[in-house]
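Welcome, and thanks for taking a look at this one with us. Please open the viewer and keep it at hand while you read.

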Amino acid sequence: MVELVSDVSALVGRHMKHLVRIPEKLLSVTLMPVAYVVVFGVLFGSAISVPGSDYRSYLMAGIFTQMMLTNVGNTALGVAGDLSNGVVDRFRSLPMSRSSVLIARTLSDLTLAVIACVTMAIVGYLMGWRVHEGFLKALAGFGLLLLLGYTMAWLGALIGLLARSAEAVNSIAFMLVMPLTFLSNAFIPLDGLPGWLRWLCEWNPVSAVVAACRELFGNTTTGTGKGAFPVQYPVPVSLVLCGLLLAAVVPAAVGAYRRAAAR
Amino acid sequence: MEIAIEAVGLRKRYGGHEALCGVDLSVPTGTLLGILGPNGAGKTTTVRVLATLLEPDEGRASVAGYDVRDQPREVRRSIGLTGQYAALDERLTGRENLRLIGTLYRLGRRAAKARADELLDRLDLAHAAERQVKTYSGGMRRRLDLAASLIAEPKVLFLDEPTTGLDLTSRLTLWDMIREQLAGGVTVLMTTQYLEEADQLADRIAVIDGGRVIADGTSDELKAKVGGERLEVSLADDSDIPATVTALRETAAAEPVVAQDSRTVSVSLRDGLKTVSEAAAALDAAGARTVGFAVRRPSLDGVFLALTGGTTSRER
Ligand SMILES: Nc1ncnc2c1ncn2[C@@H]1O[C@H](COP(=O)(O)OP(=O)(O)OP(=O)(O)O)[C@@H](O)[C@H]1O
Ligand SMILES: [Mg+2]
């Protein structure tokens, strides 16, 4: 256990150096989320209106959630990179604990998610976004977002280990994240959609997380209380979904790490 | 004599292709085994199996007394590995790379630090220690990669083509490092494309082709295997060739071989010095104008080509 902690902390140190030295990496968790909040807020904010709330506040939970989903790509790219340049081979020839490589990687990407959340919260605040349910609930909302981000990091690790190349990783991450965010309540209220599409979007797990954050931040529209089960009880549903996904993906990724390197 | 690396009947299949079809190796403690073989012969696969990166389909292997399949962790504690391609973190400096690996070997941060500095000095990398590895030249990367494998003072060292792409100075530095390790009792298994390197460093040489060991022995034994010494006579003019061939045929009692473009006639020596003196007398009597008269031992290159048929047919 002591050894695991020492391995993980040495490897996290490595990733933190990357964060400082690879400008794209830092920009992707600072400039990008800022751009999202500003562009979506200003552009859509003036075009779309939602009943009972202003659209900018409504949108924040959606952008937060989308940002957490992009963690899939971050982690997958990092893992695929280590595989292709031989670093994984080197690590595997060392007497270190096997799981420490993935634990360190996902914890580091969780740190990126924290940076992104803080940045977005500050910019959102400057643009008029407020939480209305008190500090603790807001904190719980961020906790849920980070749980999603951490789950996505492990999913990304699995994808990176299976796909192995940056190109494949990029397209898989895109094909996963795009429909999940756009076929959800992240950017639009679902009330106006045709029946089947609305049903689909409401059962999309991302909608549950977005709805849960809106509830915890107090950015809900007046029209809650109807809709499918996941958006009716978003907080417990999100927690259970993230928990289940994490429980499935962590052992799968650890197994894939063992095999991936053994080719 | 204690055996540090032993492999028995290693097999590894990729799809329908057998990369290893029964490799047997045995390396006594404190010696260097050189592995030669054409591209695709299975050298890297062998090293990866022995270094616990790859599980063999069949066969067993032990390194430093531990079984690679059942005690991989103990094996990893005893080995250092320099792969065919440098495995370094591009965005860390040379020093940071070594310290990270030292820490992961569980040397403790202070010892890892001291050992990193020592190796950077030894491998002429001190001047670049604070630079990110992405700014390193190919040779600098290879040297840093070697340093990484030495950081925990392993008992057994695996080097997969460690000097490929190195200039002469770096190669000599590396040879010195390897000899130093051997003198300290370290066992080394090294693959190489340079026969001269194997000749220089290896106690024994194994030639691998098509996934199996096709010859194995000391450099001298391998040379003897493909034929003994040859007498080589170079001539001043093409017109001297027929007379020379006749003279040599009588004394050496074997058919001389003519190389037209270099105007040389060579013949294998059966009786050593006796034949040499007779041949010299016969040539003199025939009045051939010789410009060169030399006894040549077969080079390891010749051995290699003879054994592998000069092909890389197994490569996919
Ligand atoms: N991961 C893999 N998947 C499929 N085939 C592989 C894999 N790794 C190696 N091979 C095949 O196994 C054989 C042996 O490969 P190996 O890398 O051991 O050769 P080598 O002797 O190291 O060659 P080189 O001198 O080119 O480095 C080759 O035919 C190669 O194509
Ligand atoms: Mg090779």
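## Around the ligand

How far does a polar side-chain atom of B:T45 lie from an oxygen atom of ligand 1? The distance is 2.5 Å, bearing in mind that this is a predicted model. B:T45 is also among the closest of the 16 residues that surround ligand 1, along with B:G40, B:K43, B:T44 and B:Q84.

An N or O atom in the side chain of B:Q84 sits 2.8 Å from an oxygen atom of ligand 1. For B:Q193, the distance from a side-chain N or O atom to a ligand 1 oxygen is 3.1 Å.

## Helices 1 and 7 of chain A

Now turn to chain A, where the axes of helix 1 (residues 2-21) and helix 7 (residues 100-126) come within 8 Å and cross at roughly 45°. Helix 1 of chain A is therefore oblique to helix 7 of chain A, and their crossing is right-handed.

Helix 1 of chain A contributes residues including A:L4, A:V8 and A:L11 to the contact, while helix 7 of chain A brings A:I103, A:L107 and A:I115, among others. By class, the contact residues comprise twelve nonpolar, four polar and three charged.

## Helices 8 and 11 of chain A

Helix 8 (residues 135-163) and helix 11 (residues 205-217) of chain A pack at about 160°, their axes 8 Å apart. Helix 8 of chain A is thus roughly antiparallel to helix 11 of chain A, and the crossing is left-handed.

Among the residues in contact are A:F142 and A:L145 of helix 8 of chain A, and A:V209 and A:F217 of helix 11 of chain A.

Notes. Residues are numbered from 1 along each chain as its sequence is written. Chains are lettered from A and ligands numbered from 1 in the order in which they are written. This is a predicted model: local features need pLDDT of at least 70, side-chain atom pairs count only at pLDDT 80 or more; totals for chains, interfaces and linings use all residues. Side-chain values use heavy atoms; hydrogens and water are left out. Axes are lines fitted to C-alpha atoms, for helices over the stretch in contact, and angles run from 0 to 180 degrees between N-to-C directions. Helices (H or I, at least four residues) and strands (E, at least two) are DSSP runs, numbered from the N terminus. Angles under 35 degrees count as roughly parallel, over 145 as roughly antiparallel, 65 to 115 as roughly perpendicular and the rest as oblique. A crossing is left-handed if the near helix is turned anticlockwise from the far one by less than a right angle, and right-handed if clockwise. Contact means heavy atoms within 4.5 Å. Ala, Val, Leu, Ile, Met, Phe, Trp, Tyr, Cys and Pro count as nonpolar, Asp, Glu, Lys and Arg as charged, and the others, Gly among them, as polar. A residue is near a molecule or strand if one of its heavy atoms lies within 4 Å of it. A polar contact is a pair of N or O atoms within 3.5 Å; within protein, one must be able to donate a hydrogen and the other to accept it, and residues adjacent in sequence count only if both atoms are side-chain atoms.
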